Amino acid sequence: MNFPKLSTDEIKKLALSTMGFVFLLYAYFTFFLGPLNRSRHDAQNAIADFQHKLDTSKSEMQKATNLERQAKDATARFATLKALSPEGAPIAWFPPRMKGFFADEHVDKAAARLENNNTFKETELAAWTKYNWLIELPQCDYVAVGQALADLENAEPLLSIKKLSIHTVAEQPQFQQVAISATTVIEKR
Amino acid sequence: MALHLNLLHEEILEQRQRQRDPLKIGVLVLIGCGTMLFLYYLWTAYRTLEIKSRLGNVQREWAKIEPKVTAAQKHAAELTNMVTATRVLDNYIDKRFFWAPVLEKISHCVGPNVQLTAFDGQIQEDERTVSLMIEGVAAAREPRSAAEDLRQMLREQLEKNYHDVKVEFKTLEDAETFANLGGVRTPMARYSISATFKTTEEPKPTPAPAKVKHKTESE
């Protein structure tokens, strides 16, 4: 193949043109096509991201619906347990409640006082607090106390008696003096 | 053979040289490449716009669903917390120790010749061990024997429902005073009984897996 003989001037022009062409290609890919491709890739990634979110959201919503169906019993149970403690500070309602309860059980002069309160170690019960009470029954009958304790333990599922002390009253041997250390679990309000 | 004369030889040569002009060819190639690159740019721009439009649609769809999803996720988390809390609370309720049955058992043990003066009961930190301290007096011809009867009866009663029952005297001593039972001076003894028991059975250690003897080649 015979190439035409080029003059020096033509070679210079050709070299300059080649350089210009290379620069043009560089500018084209860097400043025009590059940003366009980047933008397209970003959009594609964003679409994939959103699509993944959309796909998982459907399963999340389905999961919530299933969970709601399954947790029907637990919801009712939880509501019952919550309803055991009324609104307001426990110190305001627990002592009168105990006084009323023991009065109904024919045990008079019942007094409850708060000793302390503390939180649960279990993270599941972070929204609940333990209240330690001292319930004093200064004058009562052993059988009546036994009956009252049985009723109390059955009526208050979130109450547990930790310590029980029954002593005779020196001057009135027919009566006993009772001290109950009880713990109640009450939801934080 | 026909004679072929080319009278325009020089003109044709010039024309050929003009056609082979590298600058012209270069410009033509440049224009061709430029057109191709421009078309490719347009095609890429079109695809980008199309993808952006799709992105806009997906974003709008997500914006519609997102509040529902967030609410559903929050609700699911609340439900999960509630279910777990209920389970833990139920476990707490089930593990409670009931004192009324213990008082009933003690009342069954107290005969006409013994009297209780103090009862102290406490559930230990492990929520399984219960300790009782019972004090009282026994009045009989053999007051110590009456107190021992109470101790044995108490142990029998507690063993019916609890585990690892231990009932023992802390003190048992004759009183200096006498009780008047039906006009009869009866000797008295003061006792102090300590009882401990567990509400649930002690978990038994799992037996170690039996060693498997591997036969050696010599066997």
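# Reading a predicted two-chain model

User: In the hairpin of β1(B) and β2(B), which residue takes a positive phi?

Analyst: B:Glu127 does, with phi near 65 degrees, in a hairpin that has five residues between its strands. Strands here are DSSP runs of E with at least two residues, helices are runs of H or I with at least four, and both are numbered from the N terminus. This is a predicted model, in which local features need pLDDT of at least 70 and side-chain atom pairs count only at pLDDT 80 or more, while totals for chains, interfaces and linings use all residues. Residues are numbered from 1 along each chain as its sequence is written, and chains are lettered from A and ligands numbered from 1 in the order in which they are written.

User: How many bridges join β1(B) to strand β2 of chain B?

Analyst: Two strands pair if DSSP finds at least two bridges between them. β1(B) and β2 (residues 129-139) of chain B run antiparallel and are joined by nine bridges. Within this pairing, B:Met133 in β2(B) stands opposite B:Asp120.

User: Which strand of chain A is joined to β1(B)?

Analyst: Strand β3 (residues 159-168) of chain A is, by five bridges in an antiparallel arrangement. A:Lys163 has B:Gln122 as its bridge partner.

User: Is B:Ser131 exposed or partly exposed?

Analyst: The count is of other C-beta atoms, placed from the backbone, within 10 Å of a residue's own: 20 or more means buried, 12 or fewer exposed, and anything in between partly exposed. B:Ser131, in strand β2 of chain B, counts as partly exposed because it has 14 such neighbours.

User: What is B:Ser131 in contact with, leaving aside its neighbours within four places in sequence?

Analyst: A contact requires C-beta atoms, placed from the backbone, within 7 Å. By that rule B:Ser131 is in contact with B:Gln122, B:Gln124 and B:Thr196. B:Ala195 is 64 residues from B:Ser131 in sequence, yet their C-alpha atoms are 5.6 Å apart.

User: Which residues in helix α3 of chain B are buried?

Analyst: An α-helix has 3.6 residues a turn, so residues three or four places apart point the same way. In α3 (residues 100-109) of chain B, the buried residues are B:Val102, B:Leu103 and B:Ile106. They lie on the same side of α3(B) because they cover an arc of only 100 degrees around the axis, the arc being that of the directions from the helix axis to the C-beta atoms. Their cover includes α4 (142-155) of chain A, along with β1 (114-123) and α4 (143-161) of chain B.

User: How many residues of chain B are in contact with chain A?

Analyst: There are 51, and they meet 55 residues of chain A. On the chain B side, α2 (22-94), α3 and β1 each supply at least two residues. α2(B) gives the most, with 35 residues. The side of chain B that touches chain A divides into 30 nonpolar, 12 polar and nine charged residues. Ala, Val, Leu, Ile, Met, Phe, Trp, Tyr, Cys and Pro count as nonpolar, Asp, Glu, Lys and Arg as charged, and the others, Gly among them, as polar.

User: What is the radius of gyration of chain A?

Analyst: The value is taken over C-alpha atoms, and the globule rule is 2.2 Å times the number of residues to the power 0.38. Chain A has 41 Å, whereas a compact globule of 189 residues would be near 16 Å. Its C-alpha trace spans about 140 × 35 × 30 Å along the principal axes. Of its 189 residues, 19% count as buried.

Methods: Contact = placed C-beta atoms within 7 Å.
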